[in-house]
Amino acid sequence: MTEGQHVQAILRLGDDAMVLGQRLSAWCGHGPILEEDIALSNIALDLIGQARNLYTLAGAREGKGRSEDDLAFFRTDREFLNHLLVEQPNGHFGDTVVRQMLYSAFALERFAFLSGQLVDAELAGIAAKAVKELQYHWEHAAQWVVRLGDGTAESHEKVQQSLHDLWSCTGELFDVDEVDAACQNAGMLPDLVAIRTAWDLRVNACLAQATLARPEDGWMKEGGKQGVHSEHLSYMLAEMQVLPRTYPNATW
Amino acid sequence: MTGSSQQGWPLWEVFIRSRQGLGHKHVGSLHAPDAEMAIQNARDVYTRRQEGVSIWVVPADAIAASSPDDKDVMFDPANDKVYRHPTFYDLPDEVNNM
């Protein structure tokens, strides 16, 4: 594992949290009910908190003086290394909770490993805090998937469609590229085959309880963690970054 | 908020036990489709600032309440019975939490 790969691995983790946190923030004030509005905003804030910690760590490991704000606001979409799943639009509430369930199952397993690895102690500390948050995100999202899937005929049909639409973004979660392989060999990142097994267990149990059919593993989109994104990300970043790019060093 | 999708969802009364507290205290109410979601909602709405370490939710319609009209009959007779307060003797140190 080179220093560059070490930094890239942490940036990928941070970008997943940042992009999904920003996506969920857009629900603030638009939740289906007050209670869920607060729940989604809480989850968004957890994720943005994780991103801040991970960006600060990535900046420190990189050693070029980049701050969390530099990494969040002054990189283009091609420099973001998040998975395609998290940048997908919010859609309707069912789309959002299915996306959240799929991601949280993955992130929970991944951060559980990170909290126990010994290669980067600071990363382990950040992960240990994140695991508690992610456990709640998983439970909340999975409970909603069950209620919508096993709810009315209309809600069942809608979340089944959400699952179908998002499924082609799930293959990338388990793709191993050079960075992953090097960091896995060094013991800093988990074996994605093991993560997949754990993810399957969680997701299958949730879908079974929700009476939803697991989609076939067909063609899968890829490229997010190498910086090749869907068209959705740059629009989201434009909105997220407009203020610091227009007024650098603005404070309030 | 958009829509009116909470139509038909039951109301739940929320009780939180604080870090220092011994008992659960009523903190408010919320709507949720079932008990499990009510606890999650209560966690998000009422414990965001570390208010508690334990949550109870109770269906609002399961609570039997005294009538405001009976207030005089129920509570006034206690007014002049100060001897019911345990203030006329010293508590031994071993007795905590009175």
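In which hand, left or right, does α5(A) pass α9(A)? The crossing of α5(A) with α9(A) is right-handed, where a crossing counts as right-handed if the near helix is turned clockwise from the far one by less than a right angle, and as left-handed if anticlockwise.

The model is a predicted one, in which local features need pLDDT of at least 70 and side-chain atom pairs count only at pLDDT 80 or more, while totals for chains, interfaces and linings use all residues. Residues are numbered from 1 along each chain as its sequence is written, and chains are lettered from A and ligands numbered from 1 in the order in which they are written.

Two helix pairs are set out below, with axes that are lines fitted to C-alpha atoms over the stretch in contact and angles that run from 0 to 180 degrees between N-to-C directions. Helices are DSSP runs of H or I of at least four residues, strands are runs of E of at least two, and both are numbered from the N terminus.

| Helix pair | Axes come within | Crossing angle |
|---|---|---|
| α5(A) and α9(A) | 9 Å | roughly 140 degrees |
| α2(A) and α1(B) | 9 Å | roughly 70 degrees |

Angles under 35 degrees count as roughly parallel, over 145 as roughly antiparallel, 65 to 115 as roughly perpendicular and the rest as oblique; α5(A) is therefore oblique to α9(A), and α2(A) is roughly perpendicular to α1(B). The crossing of α2(A) and α1(B) is left-handed, and its contact involves A:Glu35, A:Ile38, A:Ala39 and A:Asn42 on α2(A), with B:Gln40, B:Asn41, B:Asp44 and B:Val45 on α1(B). Residues are in contact if their C-beta atoms, placed from the backbone, lie within 7 Å.

Between the chains, 13 residues of chain A are in contact with 16 residues of chain B. On the side of chain A that touches chain B, α2(A) gives the most, with 6 residues.

Chain B holds 2 helices and 3 strands, in the order β-β-α-β-α from the N terminus. Its radius of gyration is 19 Å, well over the 13 Å that the globule rule gives for 98 residues, so chain B is more spread out than a compact globule; the radius is taken over C-alpha atoms, and the rule is 2.2 Å times the number of residues to the power 0.38. The C-alpha atoms of chain B fill a box of roughly 60 × 35 × 20 Å along the principal axes.

How values were computed: Two residues are in contact if their C-beta atoms, placed from the backbone, lie within 7 Å.
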